[in-house]
Amino acid sequence: MSATNSTTTLSQSTCIALAFLMGLLAFAIMLGNAIVILAFVMDKNLRHRSNYLFLNLAISDFFVGVIAIPLYIPYILFNWKFDKICVFWLTIDYLLCTTSVYNIVLISYDRYQSVSNAVSYRAQHTGIHKIVALMVAVWVLAFVVHGPIIILSESWKTDREHCEPGFISKWYILAITSFLEFLAPGFLVAYFNMCIYWRLRKRAHLSRWQSHPGLTSPASSSSSGPSFKYGLFSKVSLVEPKEAAASLHFKRQERKSSLLFSVRIQKNRDIIASKMGSLSHSESLTLHQREHLELLRARKLAKSLAILLGVFTICWAPYSLFTFVLSFYGQNRRPQNVLYDITLVFQWCNSFVNPFLYPLCHKHFQKAFFKIFCMKKQPILSHNQPVSA
C-alpha cells in the first residue's frame, strides 16, 4: 500500500513510541501466524483441504509482519528514503494484503461447500497437487490485480519523494482495484456465510417439522385389530346350526372365553400403545434436542459472521475510502493527513486478527496447539494412568 510521509512534525520521543507500537504489532502478527504454521507442520492430522487454506492465509499474514511493517517503520517515522526498493515494497505489500483477502474468500467458499454439499464434499479426495495449485493460484491472482499496474505506473510519477504507486491519482484505476481487493471479496464472504446461515436455519426448521409428525403405529395397530376380530368370530360362524342348537351350554362357555380373550387383547393393546407413546415421546425429545442444537449452531454462526464481516469492514473500508478520496487530488496537491497512515495500519491489523477468527477457533487446531505446548505433560499422564486404573 502507498506510504505518505506525514509525520515529519512529530517529536523524536513520539516517533520512538510509535515505532515501538508498530514493531509490537509486527511481532504479534508474526507470532500468531507462526503458531498456525507450526501446528500445521507438526501435526499430520491437520493436513486436510480446508486446513491448507488456513495455512495459506497464515503464510501471507506472516510475511506482512516480516516485510511490510518493518520496512514501513523507518520510512514513515524516521524519513528513511526507499529510493530503489520503493517498487519492491509496494508490490510486496499489495500482494500480501490482497492474498490475505482472497484466502478469506476461499475459506468462506470451502465452508459453504462443506455445508451445502456435505455428502459430496466428504466424498471428494483432493490430491495435494491440486491443493498446492489452488494455493499458488491465489497468489498469482493477487499479483495480477496490482503488480503489473504498480510497475507500469512507476513512470507516471511526478513526485519521487513519497513512496506511492503512480496510479494513486487516477480515480478510475483506484475504483477498479478497490472493487477487486475490497468490495467484491467482501460481498462474496458475506454471500457465502449468509448461505451457510440460511442452510442451518433451514435444517433447524426441517427438524422442527419432523418432531411433530403423525404416528403410524397406532393406525397400523387399529388396522390389524378388526382383521383379528373378524378372524376370531369367523370361527364361530363356521359352527354348524345343528351343533349350536344341541349344545347351548357349550356355546355360552365359548362366548365367555371369547369375551375374556378379547378383554386380554384389549389390555395388551393398551400396554403396547403406552409403550409406543413413550417411544414416540423419546424420539420427539431427541428431535427437539437436534433442533435446539441446529438453532444454537445457526446463532453461533450468525455471531461469527457479524464479527468476521465487521472486522473485515473496519480494517479495509477506511483505507479504501481514503485512497479513493485522495485520488481526486493531484500528486503535488494532495493533503498530508495522519488519518491516512492510521487507516493503513488498520489494514495491517486484519493480519493480526485473522489467526483468531479462523484457525485458532478451529477445534482441530486447538488440539494441535495443546499437543505442541503440553508435550512434556503427556508422558507423566500416560505413566500415572495405569496406577489410577
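Trainee: How many disulfides turn up in a search of the whole structure?

Mentor: The search gives 1 disulfide. Keep in mind that this is a predicted model, where local features need pLDDT of at least 70, side-chain atom pairs count only at pLDDT 80 or more, and totals for chains, interfaces and linings use all residues. Residues are numbered from 1 along each chain as its sequence is written, and side-chain values use heavy atoms, leaving out hydrogens and water.

Trainee: What makes C86 and C163 a disulfide?

Mentor: The term needs a pair of cysteine sulfur atoms within 2.5 Å. The sulfurs of C86 and C163 are 2.1 Å apart, so the pair qualifies. The link of C86 and C163 is right-handed, with 110° about the S-S bond.

Trainee: Which parts does that link tie together?

Mentor: C86 sits in helix α3 (residues 86–116), and C163 in the loop between α5 (128–152) and α6 (171–210), so the link joins parts that are 77 residues apart in sequence. Helices here are DSSP runs (H or I, at least four residues), as are strands (E, at least two), numbered from the N terminus.

Trainee: Why is C195 called buried, while C349 gets another label?

Mentor: Buried means under 20% relative accessible area, exposed over 50%, and partly exposed in between (1.4 Å probe, protein chains only). C195 has 19%, so it counts as buried. C349 has 23%, so it counts as partly exposed.

Trainee: Why is the contact of R49 with D110 called a salt bridge?

Mentor: The rule asks for a side-chain nitrogen of Lys or Arg within 4 Å of a carboxyl oxygen of Asp or Glu. In R49 and D110 the closest N and O atoms are 3.5 Å apart, so the pair passes. R49 lies in helix α2 and D110 in helix α3, so this pair ties together parts that are 61 residues apart in sequence. A search of the whole structure finds 1 salt bridge.

Trainee: Are R49 and D110 buried or partly exposed?

Mentor: R49 has a relative accessible area of 23%, so it is partly exposed. D110 is at 9%, so it counts as buried.

Trainee: What makes a space a cavity, and what makes it a pocket?

Mentor: On a 1 Å grid over the protein atoms alone, a cavity is a set of points where a 1.4 Å probe fits but cannot get out; a pocket is an open set with protein on both sides within 12 Å along at least five of seven lines, and lining residues have an atom within 4 Å of a point. Points are joined across faces, edges and corners, and a volume is the space filled by probe spheres set on them. The count is 4 cavities of 30 Å³ or more. The second largest cavity holds about 50 Å³, and α6 gives the most to its lining, with 4 residues.

Trainee: Which residues are closest to the centre of the second largest pocket?

Mentor: This pocket holds about 260 Å³. Of its 13 lining residues, L18, M22, D341, I342 and V345 are closest to the centre. The largest share of the lining, 5 residues, comes from α10.
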